[in-house]
Amino acid sequence: MGVVAALFIPLQEYWFDMARSTKEEALETRSRIIDAAENIFHEKGVAQTSLADIASAANLTRGAIYWHFRNKSDLFTAMCERIRLPMEAMVEASINEGDKDPLGQMRKLCVFILRDTATNLQSRKVRDIVFHKCEFVDATDPIVVRQQECLLRAMTNIEKTMCNAISQGQLPKDLDTRLAGIFFHAAVIGLLNNWLFSPVRFDLANDAEKLIDACLDNLSNAPSLRRAIK
């Protein structure tokens, strides 16, 4: 090995270690910012929280916040995505036309969401922020727009799942998937909203399966959710 190579290899390893350390520190700082945002959003509400508040809570400068996030909406999105990721696989399965049990996948997803809200403190806090700590006063606010987009995406996925379930013989052929989707989404969101507002009213974790099954039973049995087949 030449002298230059002997000097270069240790230097290369040093810079690699430095880069890895810097990346790990950046991820730790980003996580710290999101943690601080969760706490302040939950305490003060989203509209009343500034990036300066979050920076102070995270013991960072506002410049450090802007290094990781463009604005408060970007930070809000990152906060929501941290609890949404575990559900992505189940959502994809339920809207996949090749899935043999789309209704079962949707049931599993909904039971998971209810139980996760009841038993996971971070999930509960974030969903409480989304339901009760977002003051929607400006229809053009990026956070409001994002919430509307999430709603439309959820409704679309539910309707796709129901169409797949009809194809698999799990739901009646004459089910009005548009009305059924509106009903089912409203029922699940209502359960979450009511429990988050008053957790002592019922045991969400233990009742999750029966509550979701009751919603699913209505899809098969409610005459008002049927359409005339031409």
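This is a working chat about a predicted model of one protein chain.

Trainee: Start me off. How many helices and strands are in the chain?

Mentor: There are 10 helices and zero strands. Remember that the model is predicted.

Trainee: And what order do the elements run in from the N terminus?

Mentor: The order is α-α-α-α-α-α-α-α-α-α.

Trainee: What share of the residues count as buried?

Mentor: Of the 230 residues in the chain, 38% count as buried.

Trainee: Let's look at a helix pair. How do α6 and α10 cross?

Mentor: Helix α6 covers residues 102-119, and helix α10 covers residues 204-221. Their axes come within 9 Å and cross at roughly 150°. That makes α6 roughly antiparallel to α10, because angles over 145 degrees count that way.

Trainee: Left-handed or right-handed?

Mentor: The crossing of α6 past α10 is right-handed.

Trainee: Which residues make the contact?

Mentor: From α6, the contact uses Leu103, Met106, Arg107, Cys110, Val111, Leu114, Arg115, Thr117, Ala118 and Thr119. From α10, Leu204, Ala205, Ala208, Glu209, Ile212, Asp213 and Leu216 take part.

Trainee: How does that contact split by class?

Mentor: The contact of α6 with α10 has 11 nonpolar residues. Two polar and four charged residues make up the rest.

Trainee: I see Cys110 on that list. How many disulfides turn up in the whole structure?

Mentor: A search finds zero disulfides.

Trainee: Buried or exposed, for Cys110?

Mentor: Cys110 is buried, with a relative accessible area of 6%. Cys215 also counts as buried, at 8% relative accessibility.

Trainee: New topic. Where does Asn164 lie?

Mentor: Asn164 is in helix α8, residues 142-167. At 9% relative accessibility, Asn164 counts as buried.

Trainee: What does Asn164 touch, leaving out residues up to four places away in sequence?

Mentor: Asn164 touches Ser94, Ile95, Asn96, Glu97 and Pro102.

Trainee: Now Ala55. Which helix is that in?

Mentor: Ala55 sits in helix α2, residues 51-57. Ala55 is buried, at 3% relative accessibility.

Trainee: And which residues does Ala55 touch, again not counting those up to four places away?

Mentor: Leu60, Thr61, Arg62 and Ile65.

Trainee: What separates the C-alpha atoms of Ala55 and Ala37?

Mentor: The C-alpha atoms are 8.7 Å apart, and the two residues are 18 residues apart along the chain.

Trainee: Last one, Asn59. Where is Asn59 found?

Mentor: Asn59 is in the loop between α2 and α3, with α3 spanning 62-68.

Trainee: Buried or exposed, for Asn59?

Mentor: Asn59 is exposed, with a relative accessible area of 67%.

Trainee: What phi does Asn59 have?

Mentor: Asn59 has a positive phi of about 60°, although it is not a glycine.

Trainee: Why point that out?

Mentor: Because most residues other than glycine have a negative phi.

Terms used: Residues are numbered from 1 along each chain as its sequence is written. This is a predicted model: local features need pLDDT of at least 70, side-chain atom pairs count only at pLDDT 80 or more; totals for chains, interfaces and linings use all residues. Side-chain values use heavy atoms; hydrogens and water are left out. Axes are lines fitted to C-alpha atoms, for helices over the stretch in contact, and angles run from 0 to 180 degrees between N-to-C directions. Helices (H or I, at least four residues) and strands (E, at least two) are DSSP runs, numbered from the N terminus. Angles under 35 degrees count as roughly parallel, over 145 as roughly antiparallel, 65 to 115 as roughly perpendicular and the rest as oblique. A crossing is left-handed if the near helix is turned anticlockwise from the far one by less than a right angle, and right-handed if clockwise. Contact means heavy atoms within 4.5 Å. Ala, Val, Leu, Ile, Met, Phe, Trp, Tyr, Cys and Pro count as nonpolar, Asp, Glu, Lys and Arg as charged, and the others, Gly among them, as polar. A disulfide is a pair of cysteine sulfur atoms within 2.5 Å. Buried means under 20% relative accessible area, exposed over 50%, partly exposed in between (1.4 Å probe, protein chains only).
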